[in-house]
Amino acid sequence: MTEIFLGDKVRCIHTGFTGTVVARTEFINGCTQYAVLPKLKDDKSIVAGMPEAVDIDEQSLEKVKSRKKKRKV
């Protein structure tokens with residue numbers, strides 16, 4: 001499996017939901033989820049409020065595009 005990093009653009013292989021990874025959560029049972037934030041379509045979306053991130057299991061995601069700059073952890 002390709003490693004997923006914060007800032008990568010990903011797609012859910014089951015639903016097609018696409019967005020940017022903004023958080024990673026590891027659970028004690030070994031499950032890893034990523035919070036995926038969808039892209040705003042236009043300026044009108046900002047007036048209505050910020051969209052919420054969707055938590056998706058790691059095995060359901062595929063990387064679409066890597067983030068521009070690699071961050072040292």
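**Note on the predicted model**

1. Lys9, Lys39, Lys65 and Lys68 gather in a patch of positive charge on the surface of this predicted model. Such a patch is made of residues with over 30% relative accessible area and no salt bridge, like charges being joined within 9 Å. A salt bridge is a side-chain nitrogen of Lys or Arg within 4 Å of a carboxyl oxygen of Asp or Glu.

2. Residues are numbered from 1 along each chain as its sequence is written. In this predicted model local features need pLDDT of at least 70, side-chain atom pairs count only at pLDDT 80 or more, totals for chains, interfaces and linings use all residues, and side-chain values use heavy atoms, with hydrogens and water left out.

3. The protein has 1 helix and 5 strands, in the order β-β-β-α-β-β along the sequence. Helices (at least four residues) and strands (at least two) are DSSP runs.

4. Lysine 39, a member of the patch, sits in the loop between strand E3 (32-37) and helix H1 (43-48). Lysine 39 is exposed, with a relative accessible area of 74%; exposed means over 50%, buried under 20%, and partly exposed in between, with a 1.4 Å probe.

5. Aspartate 8, in the segment before E1, is buried at a relative accessible area of 0%. Its C-alpha atom is separated by 5.7 Å from that of threonine 20, 12 residues apart along the chain.

Notes: Patches are made of residues with over 30% relative accessible area and no salt bridge: like charges are joined within 9 Å, nonpolar side chains (Val, Leu, Ile, Met, Phe, Trp, Tyr) within 5 Å. Accessible areas come from the Shrake-Rupley method with a 1.4 Å probe; for residues, only the protein chains shown count as cover. Lys and Arg count as positive and Asp and Glu as negative; His and the chain ends are not counted. The place of a charge is taken as NZ of Lys, CZ of Arg, CG of Asp or CD of Glu.
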